[in-house]
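Thank you all for making time this morning.

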Amino acid sequence: MKITQDIKDSTIIMTLDGELDASSSVILDEELSDPEIMKYSKILVDCRNLNYISSAGLGVFISHLQRFEDAQIKLIFFNMQDKVRNVFEILGLDLLMTIVTNYEEAITIADE
Amino acid sequence: MNNSIKVSCTKKNLKLIRDFVTDYLEQLALSDVLMNQIVLAVDEICANLIIHANNEDPSKYIYLTITEPKNAVQFEITDNGVAFQSTNYKEPDILEHVRIGKKGGVGIALVKRIMDKVEFSSKDGSNACLLYKKIK
């Protein structure tokens, strides 16, 4: 798993590249736990190259969701592959998290 | 075609297991979504066995065998670690997990929702998990 961050004003665009399993999701947890991230109001997660997610990866997002919500930080996923989105849907997480089609849509929702 | 693999209990080997299952399933020409679901279910069980049942001890092993009953695919995963207490299993309350910021505990729910049959058994210190999925 490779994670890159691109910062634009109050927005972090986090690009996930690779697979999030019980081994690699630790890296994502470290990134999302960084106190620096709380300075931003929008976290846009580019999932184009996220090829796989297991419960460990989902668990990392689940565990940070409330903290971001309480801090009024918007967490938005975009460019998600169908097979990965399906895993979110199996647990109903697509109803609790914001998953949109592409970057333009992510920006529009983030600015609402 | 090789249908079984022996893997030592480290999390790094989960990728190896997923690649093995993917390679095996290629011949069945499943959809991307279904293929991913099946690989995920096997990965979740193996992750639990490696982390919880065998405490990530690389001197311990898990064994995976894939078979093809009629119109289905079946996985048997065995180990000699601490047996999974399936009677203690409770469906997770995802909203509660979000509220308290809980990281784990949704893997078996995924497996149960994906597979048509999930069975755990133990005998003489050896445990087996059987996963069955209809594919036609």
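This is a predicted model: local features need pLDDT of at least 70, side-chain atom pairs count only at pLDDT 80 or more; totals for chains, interfaces and linings use all residues.

Residues are numbered from 1 along each chain as its sequence is written, and chains are lettered from A and ligands numbered from 1 in the order in which they are written.

Chain A has 4 helices and 5 strands, where helices (H or I, at least four residues) and strands (E, at least two) are DSSP runs numbered from the N terminus. Read from the N terminus, the order of these elements is β-β-α-β-α-β-α-β-α. With a radius of gyration, taken over C-alpha atoms, of 13 Å, chain A is close to the 13 Å that the globule rule gives for 112 residues, so it is as compact as a globular protein of that length; that rule is 2.2 Å times the number of residues to the power 0.38. Along the principal axes, the C-alpha atoms of chain A fill a box of roughly 30 × 25 × 25 Å.

From the UniProt record, an unreviewed entry, comes the listing "domain: STAS" for residues 1-110 of chain A, and such annotations may be inferred rather than shown by experiment. Over residues 1-110, chain A is 38% helix and 34% strand.

How do the two chains meet? In this model, 22 residues of chain A are in contact with 26 residues of chain B, contact being C-beta atoms, placed from the backbone, within 7 Å. On the side of chain A that touches chain B, H2(A) gives the most, with 10 residues, and that side divides into 10 nonpolar, 8 polar and 4 charged residues. Here Ala, Val, Leu, Ile, Met, Phe, Trp, Tyr, Cys and Pro count as nonpolar, Asp, Glu, Lys and Arg as charged, and the others, Gly among them, as polar.

Turning to the interior, 36% of the 112 residues of chain A count as buried, that is, with 20 or more other C-beta atoms within 10 Å of their own, whereas 12 or fewer makes a residue exposed and anything in between partly exposed.

In H3(A), the buried residues are Val84(A), Val87(A) and Phe88(A). They cover an arc of only 100° around the axis, which puts them on the same side of H3(A), the arc being that of the directions from the helix axis to the C-beta atoms. Their cover includes H2 of chain B.

Finally, the backbone angles: Asn55(B), which is not a glycine, has a positive phi of about 50°, and Asn55(B) is exposed, with 11 other C-beta atoms within 10 Å. Phi of Asn71(B) is near 55°, and Asn71(B) lies in the loop between E2 and strand E3 (72-79) of chain B.

How values were computed:
Two residues are in contact if their C-beta atoms, placed from the backbone, lie within 7 Å.
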